[in-house]
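Here are my notes for you, point by point. Keep the viewer open and click along as you read.

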Amino acid sequence: RWTQFSAFSACLRAHSERAKELDRRPWKWGDAETKAMRTAYHLRSRFMPYLYSLAYSAYEDGLPMIAPMYLEYPEREEAYENPQQYRLGPAVLCAPVTVPCAANGLASQHVWTPDGVYYDFFTGCAYGPGSHDFACPLAEFPLLIRGGVPVPMQPYTARMGSAILKELVIRLYPGEAGECILYEDDGISEAYQNGQWLKTRLAGRREKACSHSGQSS
């Protein structure tokens, strides 16, 4: 669970030492735990274009990568009553699980979605404004993407912090118009300080509502 939280924060590290109770090597915790941690590591890699862009925004504008809900919604009481969640840039809402799984293998987490529509990254389920309770298996947690805001991603890439972005993946869920800035540089030098970088504005807009006929159950 801590690996999942770390994967969607400013820094992901797995510290370890010789003491058995402090050993953080994933394969030491069992197959299910190893699989869950691998999922988190791979998600970190896939979201790197988005995370890297947020890191530059923090450097340039002083905007925090992780923001409490009350920073964007200071007039909403719910923003102060849900400290278990945070915004990660304009598109992502995270609520890491910090409680043990129950006997059924699921852990509970409460999430408040302030406005618009949010989509569960793992299940694709949509959530409108309000309070929601999640039951999460070990490899999942509330990772919600705001509808209408494009999320720049990439296929899983080893050494993603310095690898050249060869294939850009844009994930966009239905919702109101939104935008995100993709930032790129060489990933190695300090040339970005001399203006050697690229910013691309990604915008989403719904032009026509979808309609269909028939019944569903």
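1. Is glutamine 109 buried or exposed? Bear in mind that this is a predicted model. Glutamine 109 comes out at 11% relative accessibility, so it counts as buried, the cut-off being under 20%. You'll find it in strand β4, which covers residues 107–113.

2. Now look at what surrounds that glutamine. Leaving out residues up to four places away in sequence, glutamine 109 touches Gln84, Ala95, Pro96, Val97, His132, Asp133, Phe134 and Pro142.

3. Zoom out to the strand itself. Of the seven residues in β4, five are buried, so the strand is mostly covered. Its partner is β7 (residues 130–136): the two run antiparallel and are joined by seven bridges. To see one of these, find alanine 107, whose bridge partner in β7 is cysteine 136.

4. On to the cysteines. How many disulfides are there? The count is zero. Cysteine 11, for instance, has its nearest cysteine sulfur 15 Å away, on cysteine 94. Cysteine 101 is in no disulfide either; the nearest cysteine sulfur, on cysteine 136, is 8.7 Å off. Both residues are partly exposed, cysteine 11 at 39% and cysteine 101 at 33%.

5. Next, helix α2, residues 31–46. Its 16 residues reach 22 Å from first C-alpha to last, close to the 22 Å expected at 1.5 Å a residue. Its buried residues are Thr34, Ala36, Met37, Ala40, Leu43, Arg44 and Ser45. What do they pack against? The answer is α1 (2–7) and α3 (48–61).

6. Finally, the rings: there are 17 aromatic pairs in the structure. One of them joins phenylalanine 5 and tyrosine 86 edge-to-face, with 6.1 Å between centres and 70 degrees between planes. This pair links distant parts of the chain, helix α1 and strand β2 (residues 86–88), with the two residues 81 apart. Phenylalanine 5 is partly exposed at 31%, whereas tyrosine 86 is buried at 7%.

7. Another pair to check is tyrosine 56 with tryptophan 197. Their ring centres are 6.3 Å apart and their planes meet at 45 degrees, so this pair is tilted. Tyrosine 56 lies in helix α3 and tryptophan 197 in the loop between β11 (178–184) and β12 (198–204), so the pair ties together parts 141 residues apart in sequence. Both rings belong to one aromatic cluster, formed by Tyr52, Tyr56, Tyr59, Tyr183, Tyr192 and Trp197.

Definitions and conventions. Residues are numbered from 1 along each chain as its sequence is written. This is a predicted model: local features need pLDDT of at least 70, side-chain atom pairs count only at pLDDT 80 or more; totals for chains, interfaces and linings use all residues. Side-chain values use heavy atoms; hydrogens and water are left out. Helices (H or I, at least four residues) and strands (E, at least two) are DSSP runs, numbered from the N terminus. Buried means under 20% relative accessible area, exposed over 50%, partly exposed in between (1.4 Å probe, protein chains only). Contact means heavy atoms within 4.5 Å. The expected span of a helix is 1.5 Å times one less than its number of residues. A disulfide is a pair of cysteine sulfur atoms within 2.5 Å. Two strands pair if DSSP finds at least two bridges between them. Rings of Phe, Tyr and Trp (its six-membered ring) pair if their centres lie within 6.5 Å; planes under 30 degrees apart count as stacked, over 60 as edge-to-face and the rest as tilted.
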